[in-house]
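Trainee: I would like to go through this model and ask what each label rests on.
Mentor: Go ahead, and we will set the values against the criteria.

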Amino acid sequence: MPDPNGFLRYERQLPARRPVAVRITDWREVYPPAGAELIREQATRCMDCGIPFCHDGCPLGNRIPDWNDLVRTGNWDAAVESLHATNNFPEFTGRLCPAPCEAACVLGLGGQQPVTIKQVEVEIADAAVARGGLNPRPVPASTGRSVAVVGSGPAGLAAAQQLARAGHAVTVYERDDAIGGLLRYGIPDFKLEKQHIDRRVAQLAAEGVQFRAGVNIGVDVTAEELRGRHDAVLLACGALQGRDTPETPGRPLRGVHQAMTHLVAANRVVAAAGDGRPAPAVLPDGTPIDAAGRHVVIIGGGDTAADCLGVAHRQGAAGVHQLDLYPEPPHGRDAERDPWPTWPWVLRNYPAHEEGGDRVFAVAVQEFVDDGTGQVKGVRIAEVTVERRDGRRVVTALPGSERELPADLVLLAIGFEGTEEQPLLAQFGVTRNARGAVDARPDWQTDADGVFVAGDMHRGASLIVWAIAEGRAAAAAIHSYLGGIGSLPAPVDPARQPLAAR
Ligand SMILES: Cc1cc2nc3c(=O)[nH]c(=O)nc-3n(C[C@H](O)[C@H](O)[C@H](O)COP(=O)(O)OP(=O)(O)OC[C@H]3O[C@@H](n4cnc5c(N)ncnc54)[C@H](O)[C@@H]3O)c2cc1C
Ligand code: SF4
């Protein structure tokens, strides 16, 4: 029986982040471990609700009250088991998830701070490493059926592990030189150190999953060849088509880039330095990857923008402005607009925001300014209002509000337009819908029989927790398509949406 008064005795508390002055001198993770006593107290705050809304917030259906109580009572091995029953990679979500489960925690209903679910999760996940919870679990008998997984992000890896553990022969194809999808070169080390991915890849390999990095399906291997080798194919290629702003004057200038062009290059430099390998110092247009001493302007307000901000600080930028089209969100939940337990629109302060930089809200770039040599030297911005008219977004600049910000490097982090147009799509006979995503039937198959889709490629740019949930569900569908015995867990169906007020 959980402690019914835990939340009255203990305040919500997270471990202190590493000091800013120290952490911006390296690429290590921002959060140190919480410590056993703090995490026991935090887990004790969970009320084990009769209707635990935290479950509804999480697409994985994580057994949150169960593992909170196991941590409270010091039953760590059982907590590791309970957590892994629904989530293949809790060390990824525990570190990186924005935690819709916490927004849905019942404590939030009574004006209390929610349970630190995500912190408890990461502590259990890290305890698993020490306690052998990551030991491989190979299955002795093979079904004789074979599956190709295209893309090695969290969706592809979760599906691969589920299918391998069900006895299927699984090969993961990845066009990058290393496994991990966006976790590998998209997300910087200060959010996720890469040994967490390496450990899981080793576990999956020991469970029989074959990895083929550096293989671009549709280019190096055709869809027909792949279908000839395997009984089923899962496409988990992500949603990496960056949104652009071609109509803004000065867009072709040197130094104006898609955020991912710079971010991936910067993360590759960190990876190469860790391995003692040389890495390019400039982007293809000659822009230095190191922003030291330069003025950086980041356009956009999401995860990608915040990651660019943290990178710019660590590279020693002279100054950083982060621009957002929309006004500054409220600092707390607006219950009229976003009633509990839905995901609220509030100002999100990432650790990178503590480290410096200026956030400028309700502005739009009018022009990227040329220094006379074809290199950007500034951005001209105007204050704006944004309205919806007939379902369309209308942005109006306020007359006389224009000003210029210095900029040697401009990063466009204004979202993604779905999965990339690439040869693989036509070869498999699948098409992008109006959102740039690939539709799935209720059984996760695309328009092509035996070809399944999951993760961002199906959902559009989303979250790791959704990618894992979709990977698990698509694996269950593939298992059944292959005539596998029994059934695998399927936490979501293709139509499932985040919790919303109806
Ligand atoms: C900068 C950034 C920061 C983020 N931060 C967070 C965060 O903090 N928390 C969070 O929850 N989410 C975050 N996200 C979102 C999260 O990373 C994605 O939702 C998640 O990675 C999607 O997983 P996926 O497996 O569907 O695809 P991806 O991780 O995108 O992996 C797809 C893989 O498919 C490969 N591929 C594509 N085409 C082919 C082909 N033809 N042949 C072989 N391989 C191919 C790609 O190279 C890629 O490795 C972030 C996203 C970005 C861009
Ligand atoms: S909603 Fe909050 S308090 Fe209730 S079971 Fe979930 S984590 Fe515990």
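Trainee: Which residue in S11 is the bridge partner of Val 386?
Mentor: Val 395 is that partner. Keep in mind that the model is predicted.

Trainee: What makes S10 and S11 a pair of strands?
Mentor: Strands count as paired if there are at least two bridges between them. Strand S10 (residues 376–389) and strand S11 (residues 392–397) have six bridges, so they meet the criterion. Their sense is antiparallel.

Trainee: How many residues lie between S10 and S11 in the hairpin?
Mentor: Two residues lie between them. Asp 390, in the turn, has a positive phi of about 50°.

Trainee: Now the ligand. Which residues come nearest to ligand 1?
Mentor: Leu 96, Glu 174, Lys 191, Gln 422 and Asp 456 do, out of 37 residues around the ligand. A residue is counted there if one of its heavy atoms lies within 4 Å.

Trainee: Which element gives the most to the shell around ligand 1?
Mentor: H15, with three residues. Other elements that supply at least two include helix H10 (154–165), strand S2 (169–174) and helix H19 (464–481). By type, the shell has 20 nonpolar, 11 polar and six charged residues.

Trainee: What makes up the lining of the second largest pocket?
Mentor: Five nonpolar, two polar and eight charged residues. Asp 189, Lys 194, Val 270, Ala 271 and Asp 275 are the ones nearest the pocket centre. Asp and Lys count as charged, so Asp 189, Lys 194 and Asp 275 belong to the charged group, while Val 270 and Ala 271 are nonpolar.

Trainee: How much space lies in that second largest pocket, and which element gives the most to its lining?
Mentor: About 260 Å³ of space. H14 gives the most to the lining, with four residues, and H14 also supplies at least two residues of the shell around ligand 1.

Conventions
Residues are numbered from 1 along each chain as its sequence is written. Chains are lettered from A and ligands numbered from 1 in the order in which they are written. This is a predicted model: local features need pLDDT of at least 70, side-chain atom pairs count only at pLDDT 80 or more; totals for chains, interfaces and linings use all residues. Side-chain values use heavy atoms; hydrogens and water are left out. On a 1 Å grid over the protein atoms alone, a cavity is a set of points where a 1.4 Å probe fits but cannot get out, and a pocket is an open set with protein on both sides within 12 Å along at least five of seven lines; lining residues have an atom within 4 Å of a point. Grid points are joined across faces, edges and corners, and a volume is the space filled by probe spheres set on the points.
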